[in-house]
Amino acid sequence: MDMGRLAAWLSEAAGAPVVILTHARLSGGAIQQNIALSVTCGGVAETWVLRTDNAATLAVSLGRGAEFALLQAAHAAGVMVAEPLFGCEDRSVIGAPFFVMRRVSGSAAGHAAAKRAAAMGGDAALAAEHGRQIARIHRIRPPRADLGFLGEPPADATAAFIARMRGRLDEAGTPRPALEYGLRMMERQAPAPLPAVLCHNDFRTGNTMQDAGRITAVLDWEFAAWGDPHEDLGWFTARCWRFGQNHLEAGGIGPMEAFLGGYAAEAGWQPDPGRVRFWQLGATIRWAVIAADQAARHLSGQEPSLELALTGHMVPELEWDVLNQAEALHAGKA
């Protein structure tokens with residue numbers, strides 16, 4: 001990455017001279033990469049984060065320009081996000097589209113957050129705060145000209161989800177009967193459609209920055225789409241995102257009641273717990289499909305990576321969870 005060329009572009013975007021003092025890649029990010037920038041802008045010291053693509057990305061992941069627009073919309077809606085500063089689609093600057101945001105304090109280590117919460121018997125306040133943040137995201141509703149890249153909202157989010165997952169499985173070409181069974185059960189038990197809202201689609205412990213046990217930023221918007229609000233709630237509370245603290249159903253950090261209570265207080269309506277559990281099954285299926293796709297990036301030789309290879313080893317456990325959840329849904333216990 002040519003830091004001189006980047007500094008020149010940033011200076012033009014900021015309308016003031018930008019000098020890059022240090023730069024370092026931050027940890028995490030199997031799909032995108034984040035680079036910490038220590039700069040002076042007009043002589044004032046600032047810390048920014050540049051976000052761009054890795055060498056290979058998932059086809060379902062939005063581009064950096066779209067993610068920048070989502071950050072702008074979320075920031076305006078009062079969601080706790082890092083302030084978006086500049087977006088660039090010109091590949092000649094660093095070789096790929098990117099955007100720059102202010103750096104916020106805190107950690108996004110999901111396992112550490114869950115372990116800390118479990119040590120105190122669960123953090124109901126933090127679970128409720130996550131619920132409030134999702135509710136603010138869901139205030140963003142179509143139509144939105146600035147989010148036109150998301151396309152038209154689905155008439156039936158469940159049917160659209162099932163079709164999308166089946167398409168991904170067909171494209172991968174690897175038989176996944178457990179996942180197909182889960183999708184069939186969702187199809188048979190599908191609830192009536194609700195008006196679409198903006199779903200973050202990866203809102204979980206590990207994608208929120210936390211400092212002193214409180215949220216400082218919601219991260220990673222590249223999967224956002226119009227959908228059923230319960231889809232986000234099911235993703236956050238699914239067993240696969242509890243980081244080993246399975247008794248703390250809300251993201252491994254707190255009780256479901258506190259999480260849904262925080263959501264209801266902010267949104268002004270009470271989510272349906274049964275519908276949340278329906279989408280927990282959807283979350284498990286979707287994560288299994290993503291994990292298999294990430295493993296394929298390694299196995300194909302497209303992007304050799306131990307992290308991607310290990311992600312693929314999660315799939316059998318996820319398939320087992322799908323079978324258990326699908327049977328519970330069929331028995332009316334979900």
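**Reading the model**

Mentor: Strand β7 (residues 208-211) and strand β8 (residues 214-218) pair in the antiparallel sense over four bridges. Pairing requires that DSSP finds at least two bridges between two strands; helices (H or I, at least four residues) and strands (E, at least two) are DSSP runs, numbered from the N terminus. This is a predicted model, in which local features need pLDDT of at least 70, side-chain atom pairs count only at pLDDT 80 or more, and totals for chains, interfaces and linings use all residues. Residues are numbered from 1 along each chain as its sequence is written, and side-chain values use heavy atoms, with hydrogens and water left out.

Trainee: Which residue in β8 stands opposite T208? And how many residues lie between β7 and β8 in the hairpin?

Mentor: V218 in β8 is the residue opposite T208. Two residues separate the strands of the hairpin, and A212 in the turn has a positive phi of about 55°.

Trainee: Which residues other than glycine also have a positive phi?

Mentor: D220 has phi near 55°, and F243 has phi near 50°. D220 is in the loop between β8 and β9 (225-227), whereas F243 is in the loop between α8 and α9 (256-267).

Trainee: What does D220 touch?

Mentor: Contact means heavy atoms within 4.5 Å. Not counting residues up to four places away in sequence, D220 touches R51, E67, H200, D202 and N207. A C-alpha distance is a separate reading: D220 and F203 are 17 residues apart in sequence and 8.2 Å apart in space, C-alpha to C-alpha.

Trainee: Is F243 buried or exposed?

Mentor: The classes are buried (under 20% relative accessible area), exposed (over 50%) and partly exposed in between, with a 1.4 Å probe and protein chains only. F243 has 16% relative accessibility, so F243 counts as buried. G110 is buried too, with a relative accessible area of 7%. G110 is found in helix α4 (residues 110-119) and, leaving aside its neighbours within four places in sequence, is in contact with T205, G206 and F243. By contrast, the C-alpha atoms of G110 and R64, 46 residues apart along the chain, are separated by 24 Å.

Trainee: Where does H230 lie, and what does H230 touch?

Mentor: H230 lies in helix α8 (residues 229-237). Its relative accessibility is 2%, so H230 counts as buried. Beyond residues up to four places away in sequence, H230 touches L194, W269, P271, D272, R275, V276 and W279.

Trainee: Which peptide bond is cis?

Mentor: Omega is the angle to read here. The bond from P142 to P143 is cis, with omega near 0°. P143 sits in the loop between α5 (124-137) and α6 (157-172).

Trainee: How many helices and strands does the protein have, and why is the protein called as compact as a globular protein of its length?

Mentor: The protein has 12 helices and nine strands. Its radius of gyration is 20 Å, close to the 20 Å that the globule rule gives for 334 residues, so the protein is as compact as a globular protein of that length. The radius is taken over C-alpha atoms, and the rule is 2.2 Å times the number of residues to the power 0.38. The C-alpha atoms fill a box of roughly 65 × 45 × 40 Å, taken along the principal axes.

Trainee: What share of the residues is buried?

Mentor: Buried residues make up 53% of the 334. Of the contacts with a separation of 6 or more, 69% come from residues 24 or more positions apart.
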